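Here's a quick briefing to read with the model open beside you.

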Amino acid sequence: MQYLLLCCFDEDRWDKLPETERERIMHEYGKFQHDLAASGQYRAGAKLGSIQTATTLRERAGKPVVTDGPFAETKEHLGGYHLIDCKDLDEAIAIARRIPTLSAGGAVEVRPVESGHQA
Amino acid sequence: MNGQQPRSVAAAIDAIYRTESRRIFATLIRLLGDFDIAEEALHDAFRAALEHWPREGVPANPRAWLVSAGRFKAIDGIRRRARFDALDDRMDEVEAIVDESVAFEREDIDDDRLRLIFTCCHPALSPDAQVALTLREICGLTTEAIAQAFLTAAPTLAQRIVRAKGKIRDARIPYEVPAATELPARLDSVLRVIYLVFNEGYSASSGPALMRVDLSAEAIRLGRLLVALLPDPEAIGLLALMLLQESRRAARVSPAGDIVLLDEQDRSLWNEAQIAEGSALVRRAMAAERSGPYTLQAAIAAVHANAKRGELTDWSEIVALYGLLMRIEPSPVVELNRAVALAMRDGPSAGLALVDAILARGDLGEYHLAHAVRADFCRRLGDVQQARASYRRAIALARQEPERRFLERRLAELAATGAAA
């Protein structure tokens, strides 16, 4: 079973963190990915560019409309993701709990990938 | 089936259904990996028993017979559907089920019931869904009965249960007793669900709904089951707390439906058997190294329950227990309760100072009982004006009708004594 861990974070808050703290978090992320790769559970993952770089597409009256910015007007935005193999939700939650931005006020959404559509 | 089956066999099946069906269901979920398939298999198994047992007699181990009958019926059903749908993964599923060796050891069966409890109370489900699922799947209540108990429309509740089962299946919430490291947090979630069910029953007991399921009794049954399966001190503490609160049920509401305060209750109406059992459980739970919040609340309830008259209450002990509770689970409500106990021990001015400090901090300003407590302290200190203002504030904030009536009565009494003075 695959789960997508969506890491959400308030970018302003991220920018205001001391440089050393950001470095520590990124280092922890590296370790997190490394451990999961070692156990053979890591499928994919990436840190996304800032929301300044986001572009959103919708369709209005049959025509594509392209706008600047992320699709949701919230303080917290998707900042990265990890696609992992787990036996069940409890294992996915246990892994998600180790995501380092949690201790700095971030949130992680855990979503199962539908069977038959796994990477 | 044909009207010739011996009455005794039908009665035996009926009795087995009542005492064993939830246990068999819990095992079938483990074997079949799906709540709905297990539910269907359970009914098929009992249908098969009605067919076979009158001819062949009741088997030596009826539970094991029913589990394997349910399992085979389910496998048949999945095979049929799989052939029809030509779905390969369905067939794989069947092979997985068939391959698994079935264990009927007592331990496995008990584990299945614990698995069911932990899955129904999984924190990834909404609290509402946890409660509904627990009552439906563990207690075996009908959707209609649960909806009625919670004053919810039956379709809404049914939808809630369907959605929860869908999440269990699709997000793969495991059917497992959590690992030791996760157990305390997960057990908290189970205890919270049980206490929520109890409180719903406890507060509804003053209402006009005599037809409703007795949720407090269901919660106590759940508490007993949990203690039998997993004798954790806090599970024992919760069972004690529920029994001790339940022991006062007959005395806490007047025949007219009005609230009767603890010190005005007719203590001869208290249920002695429940007090004895609850107090013994408190002692058992307190033997643990560190007492949790349910145990401490139960200990406080036990001090009250064991005072033959209100004036014999050991208030020093209660103040001390609230102090311990404040240390492990500090909250303004606990602080307020401690203030009430302190006022009983040291007099109303000591209590008033504490309540005013809580309110000055900006806590509990919207909580009617904080103002009711303050009003009571002022009344006992002879400050009629302050008492009146606080009662009015409490009445404005009270949401339940009996509570409002009670406060209005207090306010009226105050006016009477005020006029007399």
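B:Leu151 sits in the loop that links α7 (143-149) to α8 (154-170) of chain B. Keep in mind that this is a predicted model. The predictor scores the complex with an ipTM of 0.86 and a pTM of 0.85.

- B:Leu151 isn't a glycine, yet its phi is positive, at about 50°. This residue counts as exposed because it has 11 C-beta neighbours inside 10 Å.
- B:Arg172 is another non-glycine residue with a positive phi, this one near 55°. Look for B:Arg172 in the loop between α8 and α9 (183-204) of chain B.
- Is B:Arg172 buried or exposed? B:Arg172 is buried, since 20 other C-beta atoms lie within 10 Å.

**Chain B overall**

- Chain B has 19 helices and zero strands.
- Of the 421 residues in chain B, 36% are buried.
- Among contacts in chain B with a separation of 6 or more, 58% are between residues 24 or more positions apart.

**The nonpolar core**

- The largest nonpolar core runs to 116 residues. Those with the most contacts inside this core are B:Leu28, B:Ala38, B:Val190, B:Ile194, B:Ala240, B:Leu244 and B:Ala298.
- Take B:Ala240: setting aside neighbours within four places in sequence, B:Ala240 is in contact with B:Gly278, B:Leu281, B:Val282, B:Ala285 and B:Ala298.
- As a general point, nonpolar side chains tend to be buried together in soluble globular proteins.

**Helix α16 of chain B**

- Helix α16 of chain B covers residues 348-360, 13 residues in total. From first C-alpha to last, α16(B) reaches 18 Å, close to the 18 Å expected at 1.5 Å a residue.
- Which residues of α16(B) are buried? They are B:Pro348, B:Gly351, B:Leu352, B:Val355 and B:Ile358.
- After α16(B) comes B:Gly362, with a positive phi near 95°.

**Around B:Val384**

- B:Val384 belongs to helix α18 (residues 384-397) of chain B. With 16 C-beta neighbours inside 10 Å, B:Val384 counts as partly exposed.
- B:Val384 and B:Leu414 are 30 residues apart in sequence, with 7.1 Å between their C-alpha atoms in space.

**Where the chains meet**

- Five residues from chain A and six residues from chain B make up the contact. On the chain A side that touches chain B, three residues are nonpolar, none are polar and two are charged.

- Chain A has a mean pLDDT of 92, and 100% of its residues reach 70 or more. Within chain A, confidence is lowest in helix α1 (residues 11-16), at a mean of 88, and highest in strand β6 (residues 107-112), at 96.
- Chain B averages a pLDDT of 88, with 89% of the residues scoring at least 70. Residues 205-211 of chain B have a pLDDT below 50, and beyond near neighbours in sequence this stretch has six contacts in the model.
- Where pLDDT is low, the predicted coordinates should not be read in detail.

Note on methods:
Residues are numbered from 1 along each chain as its sequence is written. Chains are lettered from A and ligands numbered from 1 in the order in which they are written. This is a predicted model: local features need pLDDT of at least 70, side-chain atom pairs count only at pLDDT 80 or more; totals for chains, interfaces and linings use all residues. A nonpolar core is a set of buried Ala, Val, Leu, Ile, Met, Phe, Trp, Tyr and Cys residues joined through C-beta atoms within 7 Å. A residue is buried if 20 or more other C-beta atoms lie within 10 Å of its own, exposed if 12 or fewer, and partly exposed in between; C-beta atoms are placed from the backbone. Two residues are in contact if their C-beta atoms, placed from the backbone, lie within 7 Å. pLDDT is the predictor's confidence in each residue, from 0 to 100. Ala, Val, Leu, Ile, Met, Phe, Trp, Tyr, Cys and Pro count as nonpolar, Asp, Glu, Lys and Arg as charged, and the others, Gly among them, as polar. Helices (H or I, at least four residues) and strands (E, at least two) are DSSP runs, numbered from the N terminus. The expected span of a helix is 1.5 Å times one less than its number of residues.
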